[in-house]
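Thanks for making time this morning. Please have the sequence and the model open while I talk.

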Amino acid sequence: MSASPASNPETTDPTPDFVLERELAVPVPAVRTFLCDLHHYVPLHPFIESIQDLAPSETLPNARRYRVVDRIPLGPFKLKTVYVAALEPVGSSEVRGHAWQSPGIRLETRYLLSPTASGTRLEEHCRVVTAPWGLRGFVVRQARKAHDETLDGLKALLESRPLSELVGVGDPL
């Protein structure tokens with residue numbers, strides 16, 4: 001019997017663990033610009049405490065890298081974790097996110113942007129690439145919850161701003 005992607009922590013199956021979608025009344029370039037800078041996520045992501053820029057990496061030369069400090073809820077406590085994350089623009093309609101956390105947790109996120117009549121359709125595909133045995137379910141649940149809240153905040157924030165204030169509108173891709 002073969003293991004399913006959800007039960008195998010070392011899977012190479014590219015199937016996401018979850019997909020989130022939002023319709024935003026904001027043009028694609030503005031959404032893409034926002035997604036490409038992790039500093040924008042600080043007031044929106046429920047776990048992020050702080051972010052610092054890191055030097056580029058040879059393995060991801062087009063990505064911006066960051067040192068991230070999170071506070072992850074664990075019952076009545078909050079677990080502090082420090083990790084490296086990267087955001088990598090891939091053309092005009094995709095941004096890839098990478099996170100390398102201890103102990104042996106690796107997440108990959110793909111943000112796909114599609115123009116709609118009213119703005120942008122944003123799809124987030126998140127996959128836990130590796131996680132220690134017994135932690136995978138917890139990691140997926142926490143990531144889904146945090147990313148869902150972040151996308152709600154992103155939508156509210158961007159839609160509340162006048163079009164003239166949105167970074168990326170009119171910028172070349």
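There are 14 salt bridges in this structure. By salt bridge I mean a side-chain nitrogen of Lys or Arg within 4 Å of a carboxyl oxygen of Asp or Glu. Before I pick some out, a word on the source. This is a predicted model, where local features need pLDDT of at least 70 and side-chain atom pairs count only at pLDDT 80 or more, while totals for chains, interfaces and linings use all residues. Residues are numbered from 1 along each chain as its sequence is written, and side-chain values use heavy atoms, with hydrogens and water left out.

Take R121 and E23. Their side chains meet in a salt bridge at 3.8 Å, N to O. This pair connects distant parts of the chain: R121 sits in strand β7, E23 in strand β1, 98 residues apart. Helices (H or I, at least four residues) and strands (E, at least two) are DSSP runs, numbered from the N terminus.

How exposed are the two partners? R121 is partly exposed, with a relative accessible area of 25%. E23 is also partly exposed, at 41%. The cut-offs: buried is under 20% relative accessible area, exposed is over 50%, and partly exposed is in between, with a 1.4 Å probe and protein chains only.

R121 has another partner. Its side chain meets that of E123 in a salt bridge of 2.6 Å, N to O. E123 counts as buried, at 15% relative accessibility. Salt bridges with shared partners join E21, E23, R121 and E123 into one network.

Now the strands under that network. β1 and β7 run antiparallel, joined by 7 bridges. Two strands pair if DSSP finds at least two bridges between them. Within this pairing, E21 stands opposite E123 in β7.

Which residues of β1 are on its covered face, and which on its uncovered one? F18, L20, R22 and L24 are on the covered face. V19, E21 and E23 are on the uncovered one.

Let's follow L24. This β1 residue is buried, at 2% relative accessibility. Its C-alpha is 5.2 Å from that of T120, 96 residues apart along the chain. Contact here means heavy atoms within 4.5 Å. Leaving aside neighbours within four places in sequence, L24 is in contact with V31, S118, G119, T120, L122, L154, K155, L158 and E159.

V31 takes us to helix α1, where it is one of the buried residues. Why call α1 largely enclosed by the rest of the structure? Because 7 of its 8 residues, in the run 28-35, are buried. They are V28, P29, A30, V31, R32, F34 and L35. What do they pack against? Strands β1 (18-24), β4 (77-89), β5 (94-101), β6 (105-116) and β7 (119-130), and helix α2 (136-160).

Next, aromatics. The structure holds 1 aromatic pair. F34 and Y41 form it, stacked, at 6.3 Å centre to centre with 25 degrees between the planes. For such pairs, ring centres of Phe, Tyr and Trp (its six-membered ring) must lie within 6.5 Å; planes under 30 degrees apart are stacked, over 60 edge-to-face, the rest tilted. F34 is buried, with a relative accessible area of 5%. Y41 is buried too, at 6%.

Over to helix α2, and V139. V139 is buried, with a relative accessible area of 10%. V139 and V128 are 11 residues apart in sequence and 7.7 Å apart C-alpha to C-alpha. Leaving aside neighbours within four places in sequence, V139 is in contact with I105, L107 and V128.

One more salt bridge. R64 and D53 meet through their side chains at 3.6 Å, N to O. R64 is in strand β3 and D53 in strand β2 (residues 48-54), 11 residues apart. R64 is partly exposed at 36%, and D53 is partly exposed at 48%.

To finish, the whole protein. It has 2 helices and 7 strands. From the N terminus on, the order is β-α-β-β-β-β-β-β-α. Of its 173 residues, 43% count as buried. Among contacts between residues at least 6 apart in sequence, 54% join residues at least 24 apart.
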